Amino acid sequence: MFQGTIDTGSALPIEATANGDILFDLGMIYSTGRSGLIDLVAAHKWFNLAALKGRVDAISLRQEIAGLMSDVEIATAQREARAWMAAH
């Protein structure tokens with residue numbers, strides 16, 4: 001059992017230090033509903049960001065997800081991805 005302490009005050013959110021693999025994993029979590037409900041907007045956003053960080057396989061998954069989404073949902077996901085990029 002872990003008996004140390006974790007300094008949560010200095011911890012960064014996972015997204016702040018994310019590489020393409022982590023962003024891809026977030027896309028998988030939201031596209032499959034592993035953490036609860038399926039969220040296609042979030043999945044599209046994370047796959048988009050993973051693709052920008054070099055995960056080529058995220059491109060086809062983002063396109064597949066987009067085929068299930070409305071234009072408004074895609075625009076929302078793209079806006080959220082741009083906001084994430086601006087913040088990180």
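Trainee: To how many salt bridges does the count come in this structure?

Mentor: The count comes to two salt bridges. Please keep in mind throughout that this is a predicted model.

Trainee: What makes the pair of Arg55 and Asp21 a salt bridge?

Mentor: The side chains of Arg55 and Asp21 meet at 2.8 Å, N to O. The rule asks for a side-chain nitrogen of Lys or Arg within 4 Å of a carboxyl oxygen of Asp or Glu, so the pair qualifies. In general terms, side chains of opposite charge can pair when their charged atoms come close.

Trainee: Which residue, at 2.7 Å between the closest N and O atoms, forms a salt bridge with Arg55?

Mentor: That residue is Asp57. Its distance of 2.7 Å also falls within the 4 Å limit, and the pair therefore counts as a salt bridge. Through shared partners, Asp21, Arg55 and Asp57 are joined into one network.

Trainee: Why are Asp21 and Asp57 called partly exposed?

Mentor: Asp21 has a relative accessible area of 42%, and Asp57 has one of 34%. Buried means under 20% and exposed means over 50%, so both residues fall in between.

Trainee: Why does Gly20 count as buried?

Mentor: The relative accessible area of Gly20 is 8%, which is under 20%, and Gly20 is therefore buried. Gly20 belongs to helix H1. Beyond its neighbours within four places in sequence, Gly20 is in contact with Ala50, Lys53 and Arg55. The C-alpha atoms of Gly20 and Gly54 are 6.0 Å apart, although 34 residues separate the two along the chain.

Trainee: Is Ser31 buried or exposed, and how do you know?

Mentor: Ser31, a residue of helix H1, has a relative accessibility of 17%; this is under 20%, so Ser31 counts as buried. With neighbours up to four places away left out, Ser31 touches Ile38, Ala43, Phe47 and Ile65. A polar atom of the Ser31 side chain also lies 3.2 Å from the backbone oxygen of Met28.

Trainee: How do you know whether His44 and Asn48 are buried or exposed?

Mentor: Both values are set against the 20% limit: His44 is at 4% and Asn48 is at 14%, so both count as buried. His44 and Asn48 are both found in helix H2. Outside the four places on either side in sequence, the contacts of His44 include Arg62, Ile65, Met69 and Ile74.

Trainee: What makes the pairing of Asn48 with Arg62 a polar contact?

Mentor: The two side chains approach to 2.9 Å. A polar contact needs N or O atoms within 3.5 Å, one able to donate a hydrogen and the other to accept it, so this pair is counted.

Trainee: How do you know on which side of H3 the buried residues lie?

Mentor: The buried residues of H3 are Ala58, Arg62, Ile65 and Ala66. They cover an arc of only 100 degrees around the axis, which means that they share the same side of H3. The face turned away from that side carries the exposed residues Gln63 and Glu64. An α-helix has 3.6 residues a turn, so residues three or four places apart point the same way.

Trainee: Against which helices do the buried residues of H3 pack?

Mentor: They pack against H1, H2 and helix H4. The protein chain has four helices and zero strands.

Trainee: What makes a set of residues a nonpolar core, and how many residues has the largest one?

Mentor: The members must be buried nonpolar residues, such as Ala, Leu or Trp, joined through side-chain atoms within 4.5 Å. The largest such core has 20 residues; those with the most contacts inside it include Leu23, Trp46, Phe47 and Met69. H1, H2, H3 and H4 each give two or more residues to this core, and the largest share, eight residues, comes from H2. In soluble globular proteins, nonpolar side chains tend to be buried together.

Trainee: What share of the 88 residues of the protein chain count as buried?

Mentor: The share is 33%. The protein chain exposes about 5,700 Å², of which carbon and sulfur atoms supply 57%.

Note on methods
Residues are numbered from 1 along each chain as its sequence is written. This is a predicted model: local features need pLDDT of at least 70, side-chain atom pairs count only at pLDDT 80 or more; totals for chains, interfaces and linings use all residues. Side-chain values use heavy atoms; hydrogens and water are left out. Buried means under 20% relative accessible area, exposed over 50%, partly exposed in between (1.4 Å probe, protein chains only). Contact means heavy atoms within 4.5 Å. The arc is that of the directions from the helix axis to the C-beta atoms. Accessible areas come from the Shrake-Rupley method with a 1.4 Å probe; for residues, only the protein chains shown count as cover.
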